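Me: I would like to go through a model with you. Could you take my questions one at a time?

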Amino acid sequence: MSGTDTARGPKSIWRQLADSKVLLLMCVPAIIFFIVFNYMPLPGAWIAFTNFNYRDGIFGSPFVGFKNFEFLIKSGQLWTLTRNTILYNLAFIVLGNILQIAIAIMLNEVRLAWFKKLSQAAMFLPFFISSVLVGVIAFNLLNYDTGALNALIKQTGGDPIKIYSSAGAWPLIIIMVHLWQSTGYGSIVYFAAIMGIDRSLYEAATVDGASAWQRIRFVTLPSLKPTFIILVLFALGGIMHGNFGLFWNLVGNNAALFQTTDIIETSVYRMVLSQNNFTTSTAVGLYQSLFGFALVMTANWIVRRINKDYALF
Amino acid sequence: MHSSDLARPFDTEGVGLGPAKPRAIKLDGSDIVIRSISYITITLFALFCLLPFIMMLSASLSSEAAIMKSGFGILPKDFSLAAYEWIFKAPKQIIGSYVVTIVMTVFGTAIGLFIISMTGYALHRKDFPFRNHISFLIYFTTLFSAGLAPTFLWVARDLGLRGNYLAVFLQLLMTPWLIILMKNFMRTVPYEIIESGKVDGAGDFRIFAQLCLPMMKPALATIGLFLALGYWNEWYLSSLYLGSTVEFKPLQYHLYNIINTANALRNSVAGSNVSVTALPSNTLKMASAIVATGPILLLYPFVQKYFVSGITIGAVKG
């Protein structure tokens, strides 16, 4: 060991570079990746303040100030998109966490190992499929002519429903599909938290004559509170970002449903891909990014005050 | 340093999976009630998760006429393999899509895993003076992004990757979350192992490749699965950057197009009372969906135990 680095005092940056050149080289591919795909596009956000056209490019196109944002606000579009995105996410967060906790607690009551493994595998399955397939499945269940739901209604003598043109039904459908897809996966975290609870707490509760329900109520649930709070806070931090794949594959370009189903992501995607509208879409994206950034910072600040170890930074 | 020290058991795979220790207590009434409710609810929810898959499989094995007459159901109606025969009658398209997707998934997962684990390892090393700077550079991308439109213009126009499989392949190689997950996994490698490698005079890369990597199997399985899923289920970047410029679309995007041809029709008549009897084959769509999904589901049983521990470790501090 003698002769190796025992020098005191701050090392010069060149010395540090020389000492850690291998570790630095190991990070180079990732650094290049994030610079190329995440940092280089950043200046492009300037498009939000211009009347962009291909010929003049991003910085040559005429500057229009906040006009793109004005248009979005005046047309009411920004409000509809923000409202839909936030409300859907709120429903996902609240219902999702309740259901995940319930499933985790019940899974913990299950004693048969094979049953636990098998049911967990079944519950994870929806998480593994592409959102395209989720769209296929929904169509399979809901379409007018051959959908399973309408087949059932017809069998019982009712009149089939045109679900793909009833906007009112879709918040319920989208929330159900989301829960179907994410509950099994999301319950893992809570299940692990339950496994981490000190077993002696349960034994003490049993000795004190607590029933199974009381043990859940007074031991399990309070122990899950920190996990719950942290997960919800971080989810709230991401409340401006929607699950694009889910919404797009369920609804797509079906304008009859937009009022209740259009979120920021789907709207931006449609603007870019089918309308070639780069100015409005960049403006919406920038608004989403800034708003979302403020929310994450707030969420992290609160988490930090609760428990420093859980904070992201 | 003895090699036996390196082979120290490394146990994260037990997290979240180990069955709770059976308690030696008498079951009273409320226990039985709660336990029964649990078994029943879990069974119902598991069936709820499975049912759509069963219906899809049944539909793909039914005859078109039966589906048109009585709709989708749980069991195959008028069993028929016609839809699968139809797919493989002109197999060029589907085989091409398979090849594109398999090549992307295999190479993407391998290269992505290599870069992610290298980066995660370096960022975990406490004696690496730039770890915080680089961590921040990576993490910041999750906080603030340019958004879809500027990114699209940059990649498609400035990088010139429109119509190039690389636009899809490269962008799926890594995510900040997976790097953080890998970094968290590295915490489970005892620091003495790295120290001992240094004492033996091994370089940083050799310590990583020969001492750390072999201990990271659960991490590699978990992150590998996430990467593989990302590539296999990819349709979004393909829709942006490939569109109809390539002959063989990645599998899910191919499926997306099969489905959407019908959707376009469906939407155009959504408001009217016209019944959409002229739609492309229903059973064919279901068979395509099965063919496009099958292989990735078969992968799952092999990685289940790692996967559970993987998300557990990476979940909260994601």
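Me: Leaving aside its neighbours within four places in sequence, which residues is Met182(B) in contact with?

Reply: Met182(B) is in contact with Ile116(B), Ser117(B), Gly120(B), Ala219(B) and Ile223(B); contact requires C-beta atoms, placed from the backbone, to lie within 7 Å. This is a predicted model, in which local features need pLDDT of at least 70, side-chain atom pairs count only at pLDDT 80 or more, and totals for chains, interfaces and linings use all residues. Residues are numbered from 1 along each chain as its sequence is written, and chains are lettered from A and ligands numbered from 1 in the order in which they are written.

Me: Which residues touch the most other members of the largest nonpolar core?

Reply: Met182(B) and Ile223(B) do, in a core of 145 residues. Such a core joins buried Ala, Val, Leu, Ile, Met, Phe, Trp, Tyr and Cys residues through C-beta atoms within 7 Å, buried meaning 20 or more other C-beta atoms within 10 Å of the residue's own (exposed is 12 or fewer, partly exposed in between).

Me: Which helix gives the most to this core?

Reply: Helix α9 (residues 170-195) of chain A, with 12 residues; helices are DSSP runs of H or I, at least four residues, numbered from the N terminus.

Me: Changing topic, how many residues of chain A are in contact with chain B?

Reply: On chain A, 88 residues contact 97 residues of chain B. Helix α2 (residues 21-39) gives the most to that side of chain A, with 12 residues.

Me: And where is Arg217(A)?

Reply: Arg217(A) sits in helix α11 (residues 212-237) of chain A. Arg217(A) counts as partly exposed because it has 13 C-beta neighbours inside 10 Å.

Key: Contact = placed C-beta atoms within 7 Å. Helix = DSSP H or I, 4+ residues; strand = E, 2+ residues; numbered from the N terminus.
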